[in-house]
Amino acid sequence: MTLADTLRAIVGETHVLVRPAELIVYESDGLPGYHRRPSLAVFPADADEALRVVRALAAEGVSFVPRGAGTGLSGGALADGTVLLGLQRMRKILEIDPVRRVARVEPGVVNVSLTKAAAPFSLHYAPDPSSQTACTLGGNLAENAGGPHCLKYGVTLNHVVGAVVALPDGEVVTLGDPHGTGDAAGYDLLGAFVGSEGCFGVALELTVKLTPNPERVVTLLADFTSINDAAETVSAIIAAGVLPAALEMMDQATIGAVESSIYAAGYPTDAAAILLVEVDGAAAGLDDDVQAVDRLCRAHGARDVRIATEPAARAKLWQGRKKAFGAMGRLAPHLVVQDAVVPRTKLTALLAQIAEIGGRHRVRVCNVFHAGDGNLHPNIAYDAGDADESARVHLAMKEIMQACIDAGGTITGEHGVGLDKLAYMDSLFTADTLDAMCRLRDVFDPERRANPGKVVPVRFCREQRPHKSAG
Amino acid sequence: MHHPTSTADLTALIRDAAARAQPLRLVARGTWLNGGAPVSTTAEPVHLDAFSGIIEYEPGDLTITVGAATTLAELEAVTAAHHQWCPLAPWGGDAGSVGATVATATAGPFAHALGLPRDLVLGLEYVDGTGKVLRPGGKVVKNVAGFDLTRLLTGSWGTLGAITRVSLRLRAHPATVETWAVAIDEAHAGDIVRGLRRSATPPDACEALDATLAVQLGLGAQSQLLVRLAGNAAFVAAARADLHSRGAAVAADASLWMRLREAPRAAVARAAMSPGVRALNDRVKRTFDPANILNPGIMG
Ligand SMILES: Cc1cc2nc3c(=O)[nH]c(=O)nc-3n(C[C@H](O)[C@H](O)[C@H](O)COP(=O)(O)OP(=O)(O)OC[C@H]3O[C@@H](n4cnc5c(N)ncnc54)[C@H](O)[C@@H]3O)c2cc1C
């Protein structure tokens, strides 16, 4: 029996794909530019089938790549001649416990579906990647995804309390403390698993916290004629002790892209930058925080501050931000998406450096980012068919990333390393640290069959063992 | 007794001990050496107090990097000068070190509202059981580069490495802070705490004290709820009104929080491990401390 037959026997005929034409959709993820074709794609219906698939792959010594919705922005979910294990059919919300304020879900549940399901209890799932209408909670766990509201509420790590995981050898373990019984014993293996980008095994079930909906939410849009002023306002708001739920920034290039798209949100196109600030929480005291933000924006040169309190008006302000990557994607056939983090006080200097680098290489950088966290997304739309332009884009990106590292920052704040950021790992970490990361991966996956070749460049992993590919 | 003063010293000493299969007992400030299960009596103490002091503090970033043996008191003093603080504030008080708080993942009264040690640590420097100096994580508030050795070390009780540096997230001091004590019926303590935490104006700390502890803290002979309200003036006013509607609240001194943290506490029983999780734990230990020399036995 071939591997495909074995897998068909587990998940059914129609849920195993082997023909190249059918596999094409799985050749890339949310980041255009990388194409890797899996040898086969298999889509289990539930945890039991998924486990049997993992065990069948283990028995054959075959490598595999877990995949959620494929919205990842680092090439993490690409399978290069190996098996793609798609979790998108596993989209059941197994339990919502409004008393303990947790939910138990399958990994393929789409982020926003959980928030919708929790709405009757006035609860929501707080981490809100801009891709939340498509990305899965399993993918969020694997990437330790963030989102605009993570400034106040924390990232995925802070919201996952337990996970049932199939290790690549087919063993099942429950990590963390899904039942809230007290301190989990031993090492924080759940903490280690979060953000492991599919290299430590497959999350079959997640238990996540649900957060009470705020009593009141106010969104402010401040527009600036100088990008420096906008960046300095960010530091001023944080320093003043106001902790907004979200504090996002968009530069003129991004505003232009958004306003000329179907996602137009009414942003001032002549502004050098805008800040989108959301303040939420108890009704008591909220107006004082709103006024403080308004005052700080104006004191730092904001030309205008619009305040939206009604849901429809707020949603409109947010729409442009949430769809900014999509809007940029329309500027040119290809888009490089970056995801660096710098200390907040370095934002102004970094934005100037990015502009200088972009100018020197004649590329147009669009900045849209989680400013409150110092999490930059300097993106460049370009035509990969133009060899000269591509070369300039890549040079500019390399310099931008190096500038972020030199400023004391990091190469990814939420999108993960995947394939795309592998090349930067040794500018950030020592060879010994990278080797230790490989050793940690070997604890979970000694055969290195789960998502091989991602996250840590192979040359830093001692004693690399060969792994078999399927097909 | 060993007294390394640099990571190079520490590396040499750990390599030497590994070669001799000599167990080591890591000691930072030595305030809580009976925490955890007993370490092998043949272990040689390694004093890490040389790894202390503020390494980098840019208040505008709301982050700080300190030597691991820096006392919590020093962290508090340095950050307070800039109207900031670190919500680690663990049980046990401020004489202990930042590194030990992270190594033991000891939380305190603010953990529920403001984060556990794993939520507050941004990056580390440590020397593992093979003598390698490792620097996972970083000093920025968001970071997903590489596999998360920082979380692995947090709560590892010194069994996977000797932590030498810690980068932490800080918070700005709230504009208004008030501490209140409310006499409660101990049988309903859980419900009252839950109710408060779920109110529209939740406190940033809320601890039920039994009668013995209440007496120790000079709050009288009845069980008490110690509550800290923090935020802007209007928020705190609303929170205070809500608290008063739940019971007779009496204004209390902020210093009670330190006294509460310093008061003896019953050890928390740890959940049992499944065989699969136990096997992973053993593999982690064998990977990063193959000679089993770092604080052997302390995790039970
Ligand atoms: C327009 C747009 C906006 C975005 N905005 C944000 C943002 O604001 N914040 C942010 O953090 N990200 C953002 N992203 C990136 C992406 O949406 C997130 O990384 C998301 O978490 C990926 O989820 P997914 O289900 O698509 O995962 P996939 O892309 O399918 O997979 C991502 C990684 O997770 C692994 N994986 C998936 N499921 C599992 C599982 N069950 N068990 C183990 N490993 C698994 C895969 O192997 C892969 O390495 C954005 C993407 C787009 C396209």
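## Lys322(A) and its polar contacts

In this predicted model, the side chains of Lys322(A) and Asp128(A) are joined by a polar contact of 3.4 Å, and the side chain of Lys322(A) makes a further polar contact, of 2.7 Å, with the side chain of Gln132(A). A polar contact is a pair of N or O atoms within 3.5 Å, where, within protein, one atom must be able to donate a hydrogen and the other to accept it, and where residues adjacent in sequence count only if both atoms are side-chain atoms.

Because the model is predicted, local features need pLDDT of at least 70 and side-chain atom pairs count only at pLDDT 80 or more, while totals for chains, interfaces and linings use all residues. Residues are numbered from 1 along each chain as its sequence is written, chains are lettered from A and ligands numbered from 1 in the order in which they are written, and side-chain values use heavy atoms, with hydrogens and water left out.

## Two helices of chain A

Lys322(A) belongs to helix 11 of chain A; helices (H or I, at least four residues) and strands (E, at least two) are DSSP runs, numbered from the N terminus. Helix 11 covers residues 311–322, twelve residues, and reaches 15 Å from its first C-alpha to its last, close to the 16 Å expected at 1.5 Å a residue, where the expected span is 1.5 Å times one less than the number of residues. Arg314(A), Leu317(A), Trp318(A), Gly320(A), Arg321(A) and Lys322(A) are buried in this helix; buried means under 20% relative accessible area, exposed over 50%, and partly exposed in between, with a 1.4 Å probe and protein chains only.

Helix 16 of chain A (residues 431–444) has 14 residues and reaches 21 Å between its first and last C-alpha, close to the 20 Å expected at 1.5 Å a residue. This helix is mostly covered, with twelve of its 14 residues buried, among them Thr433(A), Asp435(A), Arg439(A) and Phe444(A).

## The surroundings of the ligand

Which residues come nearest to the ligand? Of the 35 residues around the ligand, they are Pro66(A), Gly68(A), Thr71(A), Ser131(A) and Thr136(A), where a residue counts as near if one of its heavy atoms lies within 4 Å. By class, this shell has 14 nonpolar, 17 polar and four charged residues; Ala, Val, Leu, Ile, Met, Phe, Trp, Tyr, Cys and Pro count as nonpolar, Asp, Glu, Lys and Arg as charged, and the others, Gly among them, as polar. Strand 3 (64–67), helix 5 (137–143) and strand 10 (202–209) of chain A each supply at least two residues of the shell, and the largest share, five residues, comes from helix 5.

An oxygen atom of the ligand lies 2.9 Å from a backbone N or O atom of Ala69(A). An oxygen atom of the ligand is also 3.3 Å from a polar backbone atom of Gly139(A), and one is 3.3 Å from an N or O atom in the side chain of Asn451(A). The protein covers 95% of the 980 Å² of accessible area that the ligand has on its own, with areas taken from the Shrake-Rupley method with a 1.4 Å probe; for residues, only the protein chains shown count as cover.

## Aromatic pairs

How many aromatic pairs are there over all chains? The count comes to eight, under a rule by which rings of Phe, Tyr and Trp (its six-membered ring) pair if their centres lie within 6.5 Å, and planes under 30 degrees apart count as stacked, over 60 as edge-to-face and the rest as tilted. Phe200(A) and Phe444(A) form a stacked pair, 4.5 Å centre to centre with 10° between the planes. This pair links distant parts of the chain, since Phe200(A) lies in the loop between helix 7 (189–193) and strand 10 while Phe444(A) lies in helix 16, 244 residues apart. Phe200(A) is buried, with a relative accessible area of 0%, and Phe444(A) counts as buried at 1%.

In chain B, Trp32(B) and Trp157(B) form a tilted pair, 5.5 Å centre to centre with 40° between the planes. Trp32(B) lies in the loop between strand 1 (24–27) and strand 2 (44–47) and Trp157(B) in the loop between helix 6 (149–153) and strand 8 (161–169), so the pair ties together parts that are 125 residues apart in sequence. Trp32(B) is partly exposed at 44%, whereas Trp157(B) is buried at 9%. Ring pairs also link Phe193(A), Phe200(A), Phe444(A) and Phe147(B) into a cluster.
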